[in-house]
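Please look over the model below before reading my notes. Keep it open as you go.

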Amino acid sequence: MRTPHSRLSLPNFMLAHLYAAFAPLKIGMDILVGEEGIKTDVMIAQGGLFRTPVIAQQILANMLNLPITLMETAGEGGSWGMAVLACFAKYGENKLLADFLDEVVFQKPKSTTLMPEPMGGVGCEQFMKRYKQALPIERAANILDDD
């Protein structure tokens, strides 16, 4: 949904898609931080969206106002994560998952970390304000779709 004064361009269109992909995560993180008091220093992201270097990583850093780390395996997504869990189930013995990940899987990971950019965060906040305002419209559309 666009506002009357929005400019439709390919970069804005693609940016809106990336913001929308991360919007539910942003809402959840805001709840965890604001209501549950969770503190996070850095987040490690993973998924096919991160196969293209830097772009989605920077947008996520801006969206969450957190450093975002990507390991070289980040683009492998869920299949890679399931393989890691299978290895843990077979070889993890009596270790906690966190210890297994630190000691076995991520001993010397090749990774990059991007910090949030102040101006990028401003754009994310504007998007999120409009996104949340549009949620009732989304709910109404889903109700109408069920009929």
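Predicted model: local features only at pLDDT ≥ 70, side-chain atom pairs only at ≥ 80, totals over all residues.

The points below go from the whole chain down to single residues.

1. **Elements.** The protein has 5 helices and 3 strands. Starting at the N terminus, the order is α-β-α-β-α-α-β-α.

2. **Overall form.** The radius of gyration is 18 Å. The globule rule gives 15 Å for 147 residues, and the protein's value is well over that, so the protein is more spread out than a compact globule. The C-alpha trace spans about 55 × 40 × 30 Å along its principal axes.

3. **Contacts along the chain.** Take the contacts in the protein with a separation of 6 or more: 77% of them join residues 24 or more positions apart.

4. **Surface and burial.** The accessible surface is about 10,500 Å². Carbon and sulfur atoms hold 60% of that surface. Of the 147 residues, 25% are buried.

5. **Charge.** There are 13 positive and 16 negative side chains. The centres of these two sets lie 7 Å apart.

6. **The core.** How many residues does the largest nonpolar core have? It has 21. F22, F50, L60, M63, L64 and I68 have the most contacts inside it. The elements giving two or more residues to this core are α1 (10-34), β1 (43-45), α2 (55-64), β2 (68-71) and α5 (118-146). Helix α2 gives the most, with 6 residues.

7. **L60 in the core.** Which residues does L60 touch, leaving out those up to four places away in sequence? They are F22, L25, A45, F50 and I68. Two of these, F22 and F50, are also among the residues with the most contacts inside the core.

8. **A21, partly exposed.** A21 lies in helix α1. Its relative accessibility is 46%. Exposed means over 50% and buried means under 20%, so a residue in between is partly exposed. That is why A21 counts as partly exposed. A21 and L60 are 39 residues apart in sequence, yet their C-alpha atoms are 9.6 Å apart in space.

9. **N62, buried.** Is N62 buried or exposed? N62 has a relative accessible area of 8%, so it is buried. This residue lies in helix α2. Not counting residues up to four places away in sequence, N62 touches M115, P116, E117, G120, G121 and C124. Find N62 on the model and check each of these partners in turn.

Conventions: Residues numbered from 1 in each chain as written. Heavy atoms only, no water. Core = buried A, V, L, I, M, F, W, Y, C linked by side-chain atoms within 4.5 Å. Buried < 20%, exposed > 50% of the residue type's maximum accessible area, 1.4 Å probe, protein only. Helix = DSSP H or I, 4+ residues; strand = E, 2+ residues; numbered from the N terminus. Contact = heavy atoms within 4.5 Å. Rg over C-alpha atoms; globule rule 2.2 N^0.38 Å. Areas by Shrake-Rupley, 256 points an atom, 1.4 Å probe, with all protein chains shown as cover. Lys, Arg positive; Asp, Glu negative; His and termini not counted. Charge placed at Lys NZ, Arg CZ, Asp CG, Glu CD.
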